[in-house]
Amino acid sequence: MFVAACLFLGGAAGTNAISDEESGVRESGRAGKIVHSGDFPEKAEENVLITAADGGKLESATAQDAAADVTRRMKALAEVESVGEPIPAPNGKALLVPVTMKGDTENADQRVQPLLDASAATEKAHEGLRVDEVGTGSTAKGLSETLGEDFKKAELISLPLTLLILLVVFGAIIAAGVPVVLALSCVGAAIGLSTLASHVLPETSAVSNVILLMGMAVGVDYSLFYLKREREERRAGKSHVDAIEVAAETSGHTVVVSGTTVIVAMAGLYLAQEATFASLATGSIIVVAVAVLASLTVLPALLAKLGRWVDKPRVPLLWRLTMRSGESRVWPALLRPALSRPVITLVVSVGALLLLAVPALDMKLKQPGSDDLSRDIPVVQAMDRLTEAFPSKGTVHQIAVEAPAAQSGEVKGALQGLLERTADNKLFAHDATPTIKESADHRVHTVDVGTPYQPKSDGARESLELLRDWLPQAMADVPGAESAVGGKVAQGVDFTGHLEERMPWVVGFVLLLTFVTMILIFRSLAVAVSAILLNLLSAAASFGVLVAVFQHTWAEGLLDFHSSGAVVSWLPLFLFVVLFGLSMDYHVFVVSRIREAVVNGASTKESVREGITRSAGVVTSAAIVMVGVFAIFGTLSMVEFKQLGVGLAAAILLDAVIIRIYVLPALMTALGKWNWWPGKVSGDRRGPSGQVPDQAEPTRHRAEEQPHYARFAAQQQPQQQYPQAGYPQQQYPQGGYPQQQSQPGQHRRDTSRPDYYNQ
């Protein structure tokens, strides 16, 4: 009902999307606000490009016939407002027919299909010619169709992959389905709630993808934490309800702590002071909060209702593998170097991560543009042919000036003088004469100046810098004028500079609040500092992998992309925050299990071995799920999604393997009792070998002394009682309780007992 209500209310309220004037920063942001204040009518423009099919010289008569044909077809369409005169390209290889559509630009992609059909019919009627259409609606339609197919493919692969991995983990179909159902329901509720939140903080189009990514990650994680602990307690002899209560007190507590750290990390994005990041932060915080709420309420209720059915229907071979008794031999073997030679292991593993992080020192940031799109997309190929023939239709700088209406003539004169300075400069396009536009109230003037260079090229940046130098000079004699240069190139340059300026604030905020959170949770300075250092190390290594892959060309064929020599500018900050949150997820879970072993009286080395061994199955399973899902993003067409997927997958893999198997256990073993300074935990009650020393018969707790279990006495068989020291005993001499065999390294206090925390 909650999920349905969220979806209904979100659908009824609608989405308040980020507008251009809200998303800009610095000078390009001011330019966008000036243009918006002019209230210029926005019309969807389409460009029909006629070229020779072989790419050679275009015969004028043949091209004019095709232009007349397409003009006739377009004028007959109800979606078309006007068709301009054909414009020949300076190089003689193309002819351009400009078309203006009726209606606004927002839904032009939904109305452009008849125009595309007319262009296709013209090409079919004129053999030897290629007729392309590029514009507001056609470009958006072509790209959205490609991305839509990408995401459908990702969904079709990710869900079965997640289910398959969980099936291997649990060996039962219902148990494997519970985390997926819980995660998807969290995603649905969060999408509805984020739509409502967009009326307070406007929403970017990418927020639903981020909600899906984060929701599946934390939703599956939290369910795994809970289910694995509940199953572990049942195997230890507890009843079904008791096992759920123990899971609630332990894994449930871990879920709350982990969710809090993820939310704290994502909240750091608000300090970026940019609308897109604020939207991504809001969506991520909502989906994590919903996942925590579901894990504390719906999940235990669902497990209690399912009862033993959670382990049905069983997959025979997988079930036997998951229910094998005895301690795993793999994890103790992997942990042996860290436990026996902690200092050497620590130096070697940290050195390896630092080596991976070295390429990050050469990281270059740039905004993604049309030159980052896959050249296999038909509409991208058409865009390339258009900008080759008409450079002014490609990379464009937008000059915007706002001044009192009385100064309109002076503004026009100043802009005309500026355009004359660009006329003979090779940094600017000369295939068309720029047109100065004036708002209805004569206050705002704009003019678009094209450049023959790609948006990320040095030439495009140089032309921007030149215009930003010339514009203040041109407007110096116009009193009360405010001017700015915007456009795609300017937006990329300004956005990158803004992020570089704000990044220290975001990183500092995340580190400080994470430090405070860890101090409050574990009461340990060493745990808090080590958590921050290990997560910084993991993030740095993943940045190094990201730079090594995407700033160079060796992986282009492998991942099907064209390297621009840079990383997408918004990615490092977003990646850092997400990785810090997800890594802390694992860190809190593993360290909690280690501390639990210490509280139960184990030595530091034994606690590290036991805590990591017992949590390894959950952490590894969750890591495999996330690496698999994130890696699928590396197959998408957009380079920013490729970089996001590869960066996240690499970071989770490094964190789950190197950090959790080598760095963390080696560090905690080396620190010994200083791990918990200045807090205190129970002293070590085991002997040198980790076994319980000989002692007098401990006090036993009778059933009537344990009201925690009394509520279930009428429905359940008598249960094993536990001694004050916290170790499972052999058969109770008078009570007739079933025998419970203990395993080496599994002596622990029963955390479900009400007097547990009092001891």
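How many salt bridges does a search of the whole structure find? The search finds 24 of them, a salt bridge being a side-chain nitrogen of Lys or Arg within 4 Å of a carboxyl oxygen of Asp or Glu. The model shown here is predicted, so local features need pLDDT of at least 70 and side-chain atom pairs count only at pLDDT 80 or more, whereas totals for chains, interfaces and linings use all residues. Residues are numbered from 1 along each chain as its sequence is written, and side-chain values use heavy atoms, with hydrogens and water left out.

**View 1. R593 and E232 form a salt bridge.** The closest N and O atoms of this pair are 3.0 Å apart. Because R593 lies in helix 22 (residues 571-599) and E232 in helix 9 (residues 207-235), the pair ties together parts that are 361 residues apart in sequence; helices are DSSP runs of H or I with at least four residues, numbered from the N terminus. R593 counts as buried at 7% relative accessibility, while E232 is partly exposed with a relative accessible area of 23%. Here buried means under 20% relative accessible area, exposed over 50%, and partly exposed in between, for a 1.4 Å probe and protein chains only.

**View 2. E232 also forms a salt bridge with R614.** In this pair the closest N and O atoms are 2.1 Å apart. E232 lies in helix 9 and R614 in helix 23 (residues 604-633), so this pair ties together parts that are 382 residues apart in sequence. R614 is buried, its relative accessible area being 18%. R593, E232 and R614 are among the residues linked in a network of salt bridges, which also includes R229, E233, K238, E596 and E610.

**View 3. R660 and D655 meet through their side chains in a salt bridge.** The N to O distance is 3.1 Å, and both R660 and D655 are buried.

**View 4. N675 lies in the loop between helix 24 (639-671) and helix 25 (707-710).** N675 counts as buried, because its relative accessibility is 3%. The side chain of N675 reaches the backbone oxygen of M668 at 2.6 Å, and a polar atom of that side chain lies 2.7 Å from the backbone oxygen of G672. When neighbours within four places in sequence are left aside, N675 is in contact (heavy atoms within 4.5 Å) with S524, A526, V527, T604 and M668.

Methods. Helices (H or I, at least four residues) and strands (E, at least two) are DSSP runs, numbered from the N terminus. A polar contact is a pair of N or O atoms within 3.5 Å; within protein, one must be able to donate a hydrogen and the other to accept it, and residues adjacent in sequence count only if both atoms are side-chain atoms.
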